[in-house]
Structure formats: structure tokens, C-alpha cells
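Please look through the structure shown here and work through the questions that follow it.

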Amino acid sequence: MQERLQKIIGRAGIASRRHAEQLILSGQVRVNGVVVRELGTKADAATDKIVAAGRTVGAVAQRNVYLALHKPPEVVSAMADPEGRKSLRNCLRGLPERVFPVGNLEYAASGLVFLTNDGDLAAEMLKNWAHIEQVYHVKVKGMLTLADLERIGKEVGLKMKTVRQPDATRGRAANFWYEVRMRDSKKEDLRRALMKEMHPVEKLMRIGLGTLSVEGLPRGRYRLLGPAEVEALRKTAAGKKNDGSEEVSKRILAEGSQRTPRRGRARNTRD
């Protein structure tokens, strides 16, 4: 069956569709020995010999893998970094399949990153990225009042609330953590609003992405997602609501918490 090359390459797990388009434009894709540089070119993975970035695309579809990773701070949210900094690959040693991250989490931030070799799901998520809810824990300098939270939330277009302070072991914490729920790219707007209020952001941690949660996953480790989690994420990416969302969420979290995280040492999720 004839399909676009970027779709075939993405499904094979060699690169995301977006990266596959870059490979095509840069002349790193060959079909039956001929270099292809035009986007939209189609081929048949069952009959054509397709080579992308030096790797042959097999006709047999490989196992799709879906995983959640708790990215440590100061790790590039990519599989490699031209500057030689630590990347997500350092956290995925022992994983035989080649996967790639969907979306980006800034270098200094920690928290949840979703990775897969399912090019179709990745493309669907990126297409609807602005509509997928993300949940962050944000540490600011000082403390915000309830009035501050309401005013900033309305100004930026997001929801903020106070969370239990992990570092308030004695007395009151000097700098407070807050939970922020947002869609689209609101982080920079939030940074500017907090800076204007004289409460600059000190730390940022993503704890939720769509139906996924980083809860129970130690920093630097990853876990494979179960079928129910993948299906729920697929519905979220397509803009569909889960029937009985509360019960579904409880079942998904219970399923995820029973799976053993892989690699890395356990650390405090916030510091």
C-alpha cells in the first residue's frame, strides 16, 4: 500500500514524522536506491527498499512501545545533543526499541516526558498539542496569596492552587510550590506574570500530560505504559472525552502504579 514516506519512517520508529520530513529534505532518504527530497512522496513499505538516515525500513511493523519518563533537570529533552549535554538516551539504557519524545520539556525543568515509536500517535498528539492539558508544579520565590493566584490565573489563562509544601518540615517554607494547569504554551506568560509580581520562578516540574501522571515514578526512571493508559492517551490526542472519566483515571493510575520503574536511582521528586 502506497503511503507517504514520513509516515512510513515514523511508524518504523526511526524518527518522528517531523524529523522524518527533515531527513527527506536533507537528502537522507532513499527509495530503491534513489534519493528522495520531495515531501509527499509515497512508497510501499512491503515492496520498496526504503533507507532513512542509514537505516533500512523493514516491511514488518515493529512492536509499538509507549513509556513515561521522569526527566531529571539539566537533561536535554531529545535523544541526542550536539553540545554533548546529557539527553534522554542516558535515562533509557537497556531499552532495545528506538523511541523519541513527543513534545518538549525545557532543559532546566524536570518531570514527565512521553516517548514512543508510534509515529501515528505522536503526530496526532503534536497536531492537537495546544488542547492537551499539562500540569506543573512551580516553585516561586516567596509566597502568593489566594488573591494573587486568582489574579495571575485570570491574566495568563490558567488554573493555579497551593499544594502541600515538601520542604516545610519545620515552620513555614520560605519559597512555595503551586500547581498550575494549562493548555497551549503558557509557561513564558506565567514566568513574566510572576516576575512582575516579584515572585520569579525558581523550579519547574511537569507532573501530568493529558491522562498521564509522573506520580510514583522516581526521577531518572521510566516505565512502560499499559494498554488502558495508551488508549486513554489516544482518546485525549484525538480530542475525545473518556466515558466515566473519574473511574477511568483511577483505574489507569492503579495500573500504572503497579508497574516497576526501570533504571536510575530513586530521588526526591521535588527539592
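Q: Which share of the contacts in the chain with a separation of 6 or more comes from residues 24 or more positions apart?
A: This is a predicted model, in which local features need pLDDT of at least 70, side-chain atom pairs count only at pLDDT 80 or more, and totals for chains, interfaces and linings use all residues. Residues are numbered from 1 along each chain as its sequence is written, and side-chain values use heavy atoms, with hydrogens and water left out. Taking contact to mean heavy atoms within 4.5 Å, the share that belongs to residues 24 or more positions apart, among contacts with a separation of 6 or more, is 70%.

Q: How are helix 3 and helix 6 oriented to each other, roughly parallel or oblique?
A: Helix 3 (residues 119-127) packs with helix 6 (residues 227-237) at an angle of about 40°, and their axes are 8 Å apart. Angles under 35 degrees count as roughly parallel, over 145 as roughly antiparallel, 65 to 115 as roughly perpendicular and the rest as oblique. The two helices, helix 3 and helix 6, are therefore oblique.

Q: Which residues of helix 6 make the contact with helix 3?
A: On the side of helix 3, the contact is made by L121, E124 and M125. On the side of helix 6, the residues are L233, R234 and A237.

Q: Which residue in strand 6 stands opposite A52?
A: Strand 5 (residues 50-52) pairs with strand 6 in the antiparallel sense over 3 bridges, where pairing requires that DSSP finds at least two bridges between two strands. Opposite A52, the residue in strand 6 is R55.

Note on methods
Helices (H or I, at least four residues) and strands (E, at least two) are DSSP runs, numbered from the N terminus. Axes are lines fitted to C-alpha atoms, for helices over the stretch in contact, and angles run from 0 to 180 degrees between N-to-C directions.
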